[in-house]
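Please take me through this model in the viewer, one selection at a time. For each stop, say what to select and what is there.

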Amino acid sequence: MPKQEPKQVLVTGVGGQLGHSIQDRANQYPLFDFVFVDHTEFDLADPNAISTYLADKAFDYILNCAAYTAVDKAESELSLVDQVNHLAVKQLAEWAQAKDAYLVHISTDYVFDGCHYQPYTESHPTDAINAYGLSKLNSEKAVVASLANAAVIRTSWVYSEYGNNFVKTMLRLGSERDQLNIIFDQIGSPTYAGDLADAMLSLISQHHQGLYSHEGCEFFHYSNEGVCSWYDFAKAIFELSDISCDAQPIETKDYPTPAKRPHFSLLNKAKIRQTLNVKVPYWKDSLALCLANLQENSHG
């Protein structure tokens, strides 16, 4: 049999947590040739930059890991968050549809209002309550409307060894202060970017090998398994890191922010487990792994 040429994969947002995590794993996937771009080469804030970059390219898969994620700042940067999170994704989806490429786009638990008290399934009605969530919800609608073959993966509370995130903030503040007030009435599940990267790479591998296919856009939910509040999350970070900071639970109303957050945004992962047979590790196990990597890197 002739040797198959590797499939071409564009990964946006390599400077971010998820893009970086995919880059770490890329050499384990010889069936794919990965092209990693950050905002300097592929600026989602600039529609012309996107079309110029894609004009002479051919990709079989696009993993869109780039996003505007400053949730509070988004409330005052409405046009920028809409361009990066919605209009740029519309452009990508329409390009994918025209070129017969497969798009994997990352969305968020913030497309839900948080008033439900059972884990959200993919088919639950959406109702975003902040500008960031609305921009992501509009991106989902744009992907569906493009008629591209695509997967939209909603995730939540992403953290990793890279960039700025809750885990690294807690490690820093916890070692600087004796006491921290942490919100206890927002419930969800953290997502280790490494686990989400594994799920995305598994998805395109199965798609490439013909083990998984569908027409149009399919939705999945992926976060780590289990449930916690930000307070529980912080306590676990301190315990696993031997940090003696005293975490105090507070209510959302005691810590006002420009953007409203959903109070309950736990995602139901049954569909992605059953359809793609991907691993969904327990959140504390993945947190321990991430903290061990951070510890090792700091001594490296």
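At what angle do helix α1 and helix α6 pack, and how far apart are their axes? The model is a predicted one, and this pair is the opening stop. Select residues 17-25 for α1 and residues 193-208 for α6; the two helices pack at an angle of about 65°, with axes 8 Å apart. The crossing of α1 past α6 is right-handed. To see the contact, show side chains for Gln 17, Leu 18, Ser 21, Ile 22 and Arg 25 on α1, then for Ala 193, Gly 194, Leu 196, Ala 197, Asp 198, Met 200 and Leu 201 on α6. Sorted by type, the residues of this contact are seven nonpolar, three polar and two charged.

**The sheet**

α1 lies across β1 (7-12), β2, β3 and β4, and its direction is at about 145° to that of β2. The strands belong to an open sheet of six, in the order β2-β1-β3-β4-β5-β10, with parallel pairing. Select 32-37 for β2 and 217-221 for β10: these are the edge strands, each with a single partner, so one side of each has no neighbour in the sheet. From one strand to the next the twist averages 20°.

Inside the sheet, select β3 (residues 61-64) and β4 (residues 102-108), which pair in the parallel sense over four bridges. Asn 64 is found opposite His 105 of β4. Now bring in α4, which packs on the sheet and touches β4, β5 (150-155) and β10; the direction of α4 makes about 155° with that of β4.

**Val 143**

Select Val 143, a residue of helix α4 (residues 131-146). Is Val 143 buried or exposed? Val 143 is buried, with a relative accessible area of 0%. Beyond its neighbours within four places in sequence, Val 143 has contacts with Val 89, Ala 93, Leu 103, His 105, Ala 148, Ala 150, Val 152 and Cys 217.

Move to Ser 229, in strand β11 (residues 228-229). Ser 229 is buried at a relative accessible area of 2%. Leaving out residues up to four places away in sequence, Ser 229 touches Trp 157, Ile 183, Phe 184, Gln 186 and Ile 187. Ala 193, 36 residues from Ser 229 in sequence, is 18 Å away, C-alpha to C-alpha.

Next select helix α7 (residues 230-240), where the buried residues include Trp 230, Tyr 231, Phe 233, Ala 234, Ala 236, Ile 237 and Phe 238. Just after α7, stop at Asp 242, which has a positive phi of about 55°.

**The cysteines**

How many disulfides does a search of the whole structure find? The search finds zero. Cys 245 is in no disulfide, and the nearest cysteine sulfur to it, in Cys 228, is 17 Å away. Cys 245 is buried, with a relative accessible area of 8%.

Terms used:
Residues numbered from 1 in each chain as written. Predicted model: local features only at pLDDT ≥ 70, side-chain atom pairs only at ≥ 80, totals over all residues. Heavy atoms only, no water. Buried < 20%, exposed > 50% of the residue type's maximum accessible area, 1.4 Å probe, protein only. Contact = heavy atoms within 4.5 Å. Axes fitted to C-alpha atoms, helices over the stretch in contact; angles between N-to-C directions. Left-handed = near helix turned anticlockwise from the far one by under 90°. Nonpolar A, V, L, I, M, F, W, Y, C, P; charged D, E, K, R; others polar. Disulfide = S-S within 2.5 Å. Pairing = 2+ DSSP bridges.
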